Amino acid sequence: QVKLVESGGGSVQVGGSLTLSCVASGGTDSLVYMAWFRQVVGKAREGIAGISRFNGRAKLDDSVKDRFTISLDKSKTTMSLQMNNLQPEDSAMYYCGARPRQGPRWFDDYDYWGQGTQVTVSS
């Protein structure tokens, strides 16, 4: 079973920065896409940034594309999300996801999940 472990969350002031990391292990060769999702109480989990393990192509949601950057290390097992100019609406539980197949949508049908890391942005 694929394991995903997130780290890097915390509390920051508006305008601050954080870098989240997700380390994948166990059958990682099967993974095609890895992505970051976030969720707040009372709302559905939403994908905000995804990346292909094979060609490095990336997708960022419009809400974060000017402020966040997604990347993958050389081993293709560690995915990072650099978050700059954080705003209160960015406060959420952030999850790492992975899936072993291609699909028509970047953020649908993810099979594996980490436990999440909390990001809190205070005004």
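Where is T77 found? T77 sits in the loop between β7 (68–72) and β8, and point 4 comes back to T77. A few notes for someone meeting this structure.

1. **Ground rules.** This is a predicted model, in which local features need pLDDT of at least 70 and side-chain atom pairs count only at pLDDT 80 or more, while totals for chains, interfaces and linings use all residues. Residues are numbered from 1 along each chain as its sequence is written, and side-chain values use heavy atoms, with hydrogens and water left out.

2. **The disulfide.** The structure has one disulfide (a pair of cysteine sulfur atoms within 2.5 Å). The partners are C22 and C96, with sulfur atoms 2.0 Å apart. C22 belongs to strand β3 (residues 18–25) and C96 to strand β9 (residues 92–99), so the pair, 74 residues apart, links distant parts of the chain; strands here are DSSP runs of E, at least two residues long, numbered from the N terminus. The link is left-handed, with -70° about the S-S bond. Both cysteines are buried, where buried means under 20% relative accessible area, exposed means over 50%, and partly exposed is in between (1.4 Å probe, protein chains only).

3. **The largest pocket.** How much space lies in the largest pocket? About 170 Å³. A pocket is found on a 1 Å grid over the protein atoms alone: it is an open set of points where a 1.4 Å probe fits, with protein on both sides within 12 Å along at least five of seven lines, and lining residues have an atom within 4 Å of a point. Points are joined across faces, edges and corners, and the volume is the space filled by probe spheres set on them. The lining is V32, Y33, S52, F54, N55, R57, R99, Q102, G103, P104, R105 and W106. These divide into five nonpolar, four polar and three charged, where Ala, Val, Leu, Ile, Met, Phe, Trp, Tyr, Cys and Pro count as nonpolar, Asp, Glu, Lys and Arg as charged, and the others, Gly among them, as polar.

4. T77 counts as buried because its relative accessibility is 18%. Leaving out residues up to four places away in sequence, T77 touches C22, V23, A24 and T28, where touching, or contact, means heavy atoms within 4.5 Å. C22 is one of the disulfide partners from point 2. K76 is also placed in the loop between β7 and β8, but K76 counts as partly exposed because its relative accessibility is 32%. The phi of K76 is near 60°, a positive value in a residue other than glycine.

5. S52 lies in strand β5 (residues 46–52) and counts as buried because its relative accessibility is 5%. Its side chain makes a polar contact with the side chain of N55 at 3.1 Å; a polar contact is a pair of N or O atoms within 3.5 Å, and within protein one must be able to donate a hydrogen and the other to accept it, with residues adjacent in sequence counting only if both atoms are side-chain atoms. A polar atom of the S52 side chain also lies 3.2 Å from the backbone nitrogen of F54. Not counting residues up to four places away in sequence, S52 touches V32, Y33, R57, L72 and W106.

6. **D90 and Y94.** Are these two buried or exposed? Both D90 and Y94 count as buried, because each has a relative accessibility of 0%. D90 is in the loop between β8 (78–83) and β9, and Y94 is in strand β9. A polar atom of the Y94 side chain lies 2.7 Å from the backbone oxygen of D90, and the D90 side chain reaches the backbone nitrogen of Q87 at 2.8 Å. Beyond four places in sequence, the contacts of D90 are R38, R67, F68, N85, V119 and V121.

7. G9 is in the loop between β1 (3–7) and β2 (10–13) and counts as partly exposed because its relative accessibility is 33%. D109, in the loop between β9 and β10 (112–113), counts as exposed because its relative accessibility is 56%. D109 has a positive phi of about 65° although it is not a glycine.

Methods
Helix = DSSP H or I, 4+ residues; strand = E, 2+ residues; numbered from the N terminus.
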